[in-house]
Amino acid sequence: MRIARRTTALAAIAALAIALAGCSTPPWATPTASPTPTPTSTEVPQPVPNDLSSGSTERGLVAGPLTITIDYWSTLTMDKWTADALKPVSLSMITQITPNDGQKVYLQRATMIATPMSATETFDPLSAQVDSATTNPGYLVLDPYSYSQTFTVGPTPADATYVSLEFTYEYLVQSTPTSSDFAKQTATDTITVAIAQK
């Protein structure tokens with residue numbers, strides 16, 4: 001009787017072993033899978049354009065026979081170029097003419113229009129600032145004589161991150177050294193200056 005029970009028990013154990021062998025790996029034997037890291041998307045802000053970041057900038061323009069050199073700078077440091085501040089922009093200009101037969105070059109009018117902007121929006125331009133010559137036919141700007149002026153950018157919207165400054169220069173060029181006839185030439189230039197965020 002005992003032999004029969006032992007035989008039955010051994011048969012049951014053997015059947016269980018065969019059943020387990022046909023199963024997949026038990027859960028406790030499965031290696032733990034490390035979670036896949038999910039990439040984090042961090043947007044890098046685009047740098048704000050600033051032509052005066054080094055304190056000044058020089059531009060070279062051409063208008064007909066004229067070669068124009070202009071230096072721009074601000075007496076207000078860039079960290080104080082805030083939206084509500086009055087922001088001065090100074091310039092110094094000199095011209096050369098080719099061929100130079102002795103005729104003179106005069107600046108009749110200089111205009112600055114400031115347009116506040118951001119990466120996603122263009123705001124209404126500020127009122128134009130104009131310097132019209134008080135002498136006839138204008139300010140002499142032929143090398144070695146230069147023209148200097150300071151314009152002011154007024155308060156800008158709080159959401160603006162920079163301001164685009166468009167300059168227009170209108171010249172009268174003497175046709176000959178002794179002539180009272182003049183040819184008009186116009187040059188334009190644009191610089192951008194960052195608005196300091198508080």
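The entries below go from the overall picture to the details.

**Ground rules.** I am working with a predicted model, where local features need pLDDT of at least 70, side-chain atom pairs count only at pLDDT 80 or more, and totals for chains, interfaces and linings use all residues. Residues are numbered from 1 along each chain as its sequence is written, and side-chain values use heavy atoms, with hydrogens and water left out.

**Overall make-up.** I counted elements and found one helix and nine strands; these are DSSP runs, helices being H or I with at least four residues and strands E with at least two, numbered from the N terminus. Of the 198 residues, 34% are buried, meaning under 20% relative accessible area with a 1.4 Å probe, protein chains only. The protein exposes about 12500 Å², with 56% of that supplied by carbon and sulfur atoms; the area comes from the Shrake-Rupley method with a 1.4 Å probe. I also checked contacts (heavy atoms within 4.5 Å). Among those with a separation of 6 or more, 67% are between residues 24 or more positions apart.

**The four-stranded sheet.** I traced an open sheet in the order β1-β2-β3-β7, with antiparallel pairing; strands pair here if DSSP finds at least two bridges between them. β1 (56–63) and β7 (147–153) are the edge strands, each with a single partner, so one side of each has no neighbour in the sheet. On average, neighbouring strands of this sheet are turned by 25° against each other, direction ignored, using axes that are lines fitted to C-alpha atoms. Next I looked at β3 and β7, which pair in the antiparallel sense over seven bridges.

**Aromatic pairs.** I found five of them, where rings of Phe, Tyr and Trp (its six-membered ring) pair if their centres lie within 6.5 Å; planes under 30 degrees apart are stacked, over 60 edge-to-face and the rest tilted. The rings of Tyr72 and Phe167 have centres 4.9 Å apart and planes at 40°, so I logged the pair as tilted. Tyr72 sits in β2 (residues 66–73) and Phe167 in β8 (residues 162–174), so this pair ties together parts that are 95 residues apart in sequence. Phe167 also pairs with Tyr169, this time stacked, at 6.2 Å centre to centre and 5° between the planes. Are these two buried or exposed? Phe167 is buried at 0% relative accessible area, and Tyr169 is buried at 0% as well. Ring pairs link Tyr72, Phe151, Phe167 and Tyr169 into a cluster.

**The core.** The largest nonpolar core has 34 residues, and those with the most contacts inside it are Ile68, Met93, Leu165, Phe167, Tyr169 and Tyr171. Such a core is a set of buried Ala, Val, Leu, Ile, Met, Phe, Trp, Tyr and Cys residues joined through side-chain atoms within 4.5 Å. β1, β2, β3, β4, β7, β8 and β9 (182–194) each supply at least two residues of this core, and β8 gives the most, with six. I then listed contacts of Ile68 beyond four places in sequence, which include Leu61, Met93, Tyr171 and Ala187.

**Cis peptide bonds.** Most peptide bonds are trans, so I noted these two. Thr98 and Pro99 are joined by a cis bond with omega about -5°, and Pro99 lies in the loop between β3 (87–97) and β4 (105–117). The bond from Asn136 to Pro137 is also cis, with omega near 10°, and Pro137 lies in the loop between β5 (129–132) and β6 (139–140).

Definitions and conventions:
Axes fitted to C-alpha atoms, helices over the stretch in contact; angles between N-to-C directions. Buried < 20%, exposed > 50% of the residue type's maximum accessible area, 1.4 Å probe, protein only.
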